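Hi,

Here is the structure I promised to pass on. Have a look at it first, and my notes follow below.

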Amino acid sequence: MRFKSILLLLSAASLAILPSCHKKDEDSETDPFLNGTVSFSIPSFVKVGEQLTVTPKGAVNPTGDVGYYWSSTWNSTRDTVKTESGSGDGTWTMTVPLATGVYTVTVGAFAENYSSISSYKKFTVVDPSLEGSLKGAGYETGSSLVDSRDNGVYYLTTAGDKVWMQNNLYYSGSGVSYENSVAMDPIVGRFYTWNEAVTACPEGWRLPTDKEFSAMTGSTTIGETLSNVAGSLMVNATFNGQKLWTFWPDVKITNSAKFSAIPIGYAIDQEGYMKYMGSSQYATFWTSDNSEDSAIYRYIYVAKNDIYLGYGDKESFRASVRCVKDDNNGE
């Protein structure tokens, strides 16, 4: 499924409370439910084979303590990690499956003379390795750069007489991960504010100017829409087996510029709350061109063969970053 479809699925099932009840004795009266709402946190996307520790919260026994059990869709065994009278807080350590896909984890809280309460969450397992979850990105693996700051790997291509990164920057020293999921960093890159983006590229690399971005497409247009060239930057890649850019008759995807753009969207920082938008529809990239409060970004929309120009706030709008090799730092 595409990013947008995955997120809709996760949103619909992010925290479903599934109470169950049992009978008291022979009088068939129902035990009261435990108070509160049991919940836990888990990233939307998790790396294959990763070990995660999850801790439940929110369940309350008015007359004593609470016990906890966990279960998952890849293991049929229910794991009771804490009895009602036992020690601990119900924390559970799990190992994520080695196969990509969507999985479910369930936690249940129970106590004597009370009906148990439970909740579940779905998450997507991803493989960040080359040709793992992201297949067909068209990276030129014969030419690459390893960022000495965090060992990030970037594939390189030459377009418009500049050397460009083919994959989105995912420098861990700044920016935010897609859907707050670090496992997605090598796959789709991070989102950066412009203020972060101007210092995020590795030494010897920098943000491209809008003129350089235009030249990379073969266009001489500056400061306006670049017509009929979006397909040359888009790539027919798949994520966990599902095509990313959907078909539109006006767009012929060729990736002839070897830019390998994928529709990961953008993010907006709303006073500390991160809102992720436009996945499966937009690809957005900062340029170095800016004014006092805003900066220019270029974006592709799935249904049009044009590359549009936008102005984003330097502190709240977050886009992807592609770095170009600085001419003053040649090999």
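In which sense do strand 20 (residues 266-270) and strand 21 pair, and over how many bridges? The pairing is antiparallel and runs over 5 bridges. Keep in mind that this is a predicted model. One of the contacts to look up is Tyr-266, whose bridge partner in strand 21 is Met-277.

These two strands belong to an open sheet of 3 strands, ordered 21-20-25 and paired antiparallel. Strand 21 (273-277) and strand 25 (317-318) sit at the edges with a single partner strand each, so one side of each has no neighbour in the sheet.

Next, the disulfide. The count comes to 1, and the link joins Cys-201 to Cys-323 with an S to S distance of 2.1 Å. The pair ties together distant parts of the chain, 122 residues apart. Cys-201 lies in the loop between helix 3 (194-197) and strand 17 (205-206), while Cys-323 lies in the loop between strand 25 and strand 26 (324-325). The torsion about the S-S bond is -90 degrees, which makes the link left-handed. Are the two cysteines buried or exposed? Cys-201 counts as buried because its relative accessibility is 10%, and Cys-323 counts as buried at 0%.

Cheers

Technical notes. Residues are numbered from 1 along each chain as its sequence is written. This is a predicted model: local features need pLDDT of at least 70, side-chain atom pairs count only at pLDDT 80 or more; totals for chains, interfaces and linings use all residues. Side-chain values use heavy atoms; hydrogens and water are left out. Two strands pair if DSSP finds at least two bridges between them. Helices (H or I, at least four residues) and strands (E, at least two) are DSSP runs, numbered from the N terminus. A disulfide is a pair of cysteine sulfur atoms within 2.5 Å. Buried means under 20% relative accessible area, exposed over 50%, partly exposed in between (1.4 Å probe, protein chains only).
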